[in-house]
Amino acid sequence: MRIQDVARALVAPGKGILAADESGGTIKKRFDGIGTESTEDRRRAYREMLFRTKGAAENISGVILFDETIRQNAADGTPLVKLLQDEGIIPGIKVDKGIVGLHGAAGESVTEGLDGLGARLAEYRELGAQFAKWRAVIDIAGDDIPSDYCLDANSAALARYAALCQQEGIVPIVEPEVLMDGSHSIERCFEVTHRALRSLFSALLDQRVALDGCLLKPNMVIPGKLHAGGRATPDAIAEATIRCFRDVVPAAVPGIVFLSGGQSDEEATANLDAINKRGPHPWAFSFSYGRALQAPALKAWLGSDDNIEAGQAAFAKRAKLNGLATSGAYSASME
Ligand code: 5MM
């Protein structure tokens, strides 16, 4: 398939992406939360549970994997990638190597992973990956950050990654995440997200990335977790998010797949739904959730093989409700 076709398939109506690419430290934190030791076997068992969920392909177009997972086999010896492919779910891979402090910019970070990336992408392609993901982290919990220097350094890395992906026939998902950490208002999130996206699209165009062959994975425009005014309504979030994206995201991009970023599972669904109730839009608005798709499944599974059906039911429910939210057809009464 051409990268343009893969990108469109990932945002087909009613479908979105499962981000299951937690690195070692992050999956340990998630497993700590349910009192489960993070061993290679438990990580395999957990992800196998998700990937074997019956009917998941109705609402899940693709799964972002971590390096360990793309090489792992299910308990019966079947490669986990094959479980997905047999259901018509597209395997993807996280290729960034995490964040490091940005030189000369206290409190700011840049994402690493460009060295040798072309060769790694070629190997991942052989292992079955058709799309990739790279996440930049933009912290705004301070008056003077983010600096333009930080935004531009991250945009340059995202664009270089995206260009390498397209060279290897892999769809790049570009993820500039403006964090929800802090007490900032929705207007401040709007201002920073606007700046981050302007910087990103300028870099993507400079590096000749074909916009119709990539997907954007951003935060919604939303107040900080500690904002004195509390949570904004789905309607307020939808209004600010759409206004921001209409201003700076070219219509050539086929899809915008949100991260959940610390929203609860129900909030993330309600907010996506509110955005799509205000459609039609120039792009498909869908999801690429990690925590908002997995939190109830983790709680139901609790690390035990006895709870696999309960874990799968919890995952299937979130996938279905988010699938409905891609067309504005969700309602809170379905919870
Ligand atoms: C699933 O979490 C992803 C990997 O995180 P680490 O590299 O920190 O281990 C993360 O990139 C994720 O894809 C996005 O942040 C979206 O996930 P959420 O949980 O915010 O929806």
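Me: Where does the ligand sit?
Reply: Keep in mind that this model is predicted. A molecule counts as sitting in a pocket if more than half of its atoms lie within 2 Å of the pocket's grid points. By that test, the ligand's place is the largest pocket.

Me: How far from an oxygen atom of the ligand is the polar side-chain atom of T26?
Reply: A polar contact here needs a pair of N or O atoms within 3.5 Å. R135 makes it with a polar side-chain atom 3.4 Å from a ligand oxygen, and G290 does it with a backbone N or O atom at 2.8 Å. For the side chain of T26, the value is 2.6 Å.

Me: How much of the ligand's exposed area does the protein bury?
Reply: Start with the ligand taken alone, when it exposes 500 Å². The share of that buried by the protein is 90%.

Me: Which element supplies the largest share of the lining of the largest cavity?
Reply: That cavity holds about 50 Å³ of space. β6, α7 (148–167) and α8 (186–206) each supply at least two lining residues. With four residues, the top supplier is α7.

Definitions and conventions: Residues numbered from 1 in each chain as written. Predicted model: local features only at pLDDT ≥ 70, side-chain atom pairs only at ≥ 80, totals over all residues. Heavy atoms only, no water. Polar contact = N/O pair within 3.5 Å; in protein donor to acceptor, adjacent residues only side chain to side chain. Areas by Shrake-Rupley, 256 points an atom, 1.4 Å probe, with all protein chains shown as cover. 1 Å grid on protein atoms, 1.4 Å probe; cavity = no way out; pocket = protein on both sides within 12 Å on 5 of 7 lines; lining within 4 Å. Points joined across faces, edges and corners; volume = space filled by probe spheres on them.
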